[in-house]
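Subject: Handover of a structure, with findings

Dear colleague,

Please find the structure below, handed over for your work. My notes on it follow.

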Amino acid sequence: MVYETANRVIDEAVTRVLDGESLDRTDGLALIAQPVDELAAAADYVRAQFGDGTVDACSIVNAKAGNCAEDCGFCAQSVHFDTGIDTHDFLEPEEILEAAKRAERDGAQRFGIVVAEKGVSKENRPEEWRDVIRAIRLVRDETDVEIDASLGILTEDEAETLAEEGINHYNHNVETSPRFFPEIVDTHSFEDRVKTLEIAKNAGMDLCAGVILGMGETPTDRVEAAIALQEIGISSLPVNVLNPVPGTPLAERLGGSADISTAEIVKTVAVYRLLHPTARVRLTGGREANLEPDEQHLPLEAGADGLLTGDYLTTGGQSPDEDLEIIERAGMRPNMDANEFDPDAVRTRADGPVRDRDGADIDAAAEPNAATDRTD
């Protein structure tokens, strides 16, 4: 199949992708230098050829907040920084279940259990590990959402257990390029993250791994991160944009705003689609802080086909009905393969609480999903 416009660099890249060829670092660097409108249109075309015209929605719960020993410079939950966030130990599994039920009602196809720490340790914190497994089983048995997890660094035994319990995707972001990673984190390495992704993949879980844009990285770093993810082999690529939290080193270094423009966000999403033609390229944390409401559809018109809906880890997100509007504005529709939710009911809840047949407020019981910031 031949893709023909007036831009030879883009045309040749798209044609090769459609013919089943994988683009490399040189291609990525050439593409990210192209005009944003032409690049977005090409990526949208590729997305349409490989995808199904749907946007896949995921939701998360901050199952354990704050007091993390790692020093990731973007993270409000690190014990090294005074950010004033609320902290809590691992939630009761029943609270996590209620958060999952609310996410399901709001149209999420995936629900991620997230903790803020280097890793949930089966050996060092067996009680917490048992709660993790019980929460997974409750969500698996009492909802139709697909269960994902982001539990930090894993051992082979832990990964095998999670896969056996039904974890669909394991999330462990690489955050940025191997070159720029040491500028952001001191307490662990890029290679540590890659090792956990490999362990999770070998255990049988699909991988959700992505980046945070706007931390001071270069366009080359953005391409290098995507190439590293190519080598790992992922099926979901979350694209976060830094939402600097006061008290974190990056907020101080960058003066309180992400170091990236709207055009650069759209360009990067488009290049990621071309480098990962069959993955879900997912807009996640920081999109509301860095894109105006009338701009949020633009990445979906540049190859993205996934959203993180609802709240993030330490910051609030948009309402599900607002996300539905963004999806529709981009000319796409929600993915309902895993969860046949009612979009009209989602919109109705935006105008007031939905009550059960006894008059009780259904959403009130699910407040634990006032979760928390995918930018960490």
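A polar contact is taken here as a pair of N or O atoms within 3.5 Å, where, within protein, one must be able to donate a hydrogen and the other to accept it. The side chains of T284 and N240 make such a contact, at 2.8 Å. T284 is found in the loop between β8 (280-283) and α11 (287-290). With a relative accessible area of 2%, T284 is buried. Please note that this is a predicted model.

Overall composition

The protein comprises 13 helices and 10 strands. Of its 376 residues, 57% count as buried. Among contacts with a separation of 6 or more, 76% are made by residues 24 or more positions apart.

The annotated cysteines

The unreviewed UniProt entry places a "binding site" feature at C68, C72 and C75. C68 is situated in the loop between β1 (54-64) and α4 (93-105), and C72 likewise lies in the loop between β1 and α4. C68 has a relative accessible area of 8% and is therefore classed as buried, the limit being under 20%. C72 is buried, with a relative accessible area of 8%.

Leaving aside neighbours within four places in sequence, C68 is in contact with Q77, S78, V79, H80, A116, E117 and K118. For C72, not counting residues up to four places away in sequence, the residues touched are F81, I184, V185, H188 and R193.

Helix α5

Helix α5 has 17 residues, 126-142, and reaches 24 Å from its first C-alpha to its last, close to the 24 Å expected at 1.5 Å a residue. Its buried residues are E128, W129, V132, I133, A135, I136, L138 and V139. The cover over these buried residues includes β1, α4, β2 (110-115), β3 (146-150) and α6 (156-164).

Salt bridges

Side chains of opposite charge can pair when their charged atoms come close. In the whole structure, a search finds 25 salt bridges.

Within helix α1 (residues 8-18), R8 and E12 are four residues apart and so are separated by about one helical turn. R8 and E12 form a salt bridge, with their closest N and O atoms 3.5 Å apart. R8 is exposed, at a relative accessible area of 57%, whereas E12 is partly exposed, at 41%.

D27 and R16 form another salt bridge, with the closest N and O atoms 2.9 Å apart. This pair links distant parts of the chain, with D27 in helix α2 (residues 25-31) and R16 in helix α1, 11 residues apart. D27 counts as buried at 14% relative accessibility, while R16 is partly exposed, with a relative accessible area of 24%.

What joins strand β1 to helix α5 across 64 residues of chain? The side chains of K64 and E128 meet in a salt bridge (2.8 Å, N to O). K64 is in strand β1 and E128 in helix α5, so that the pair links distant parts of the chain. Both residues, K64 and E128, are buried.

Yours sincerely

Definitions and conventions
Residues are numbered from 1 along each chain as its sequence is written. This is a predicted model: local features need pLDDT of at least 70, side-chain atom pairs count only at pLDDT 80 or more; totals for chains, interfaces and linings use all residues. Side-chain values use heavy atoms; hydrogens and water are left out. Helices (H or I, at least four residues) and strands (E, at least two) are DSSP runs, numbered from the N terminus. Buried means under 20% relative accessible area, exposed over 50%, partly exposed in between (1.4 Å probe, protein chains only). Contact means heavy atoms within 4.5 Å. UniProt positions are given in the numbering used here, feature names are shortened, and annotations may be inferred rather than shown by experiment. The expected span of a helix is 1.5 Å times one less than its number of residues. A salt bridge is a side-chain nitrogen of Lys or Arg within 4 Å of a carboxyl oxygen of Asp or Glu.
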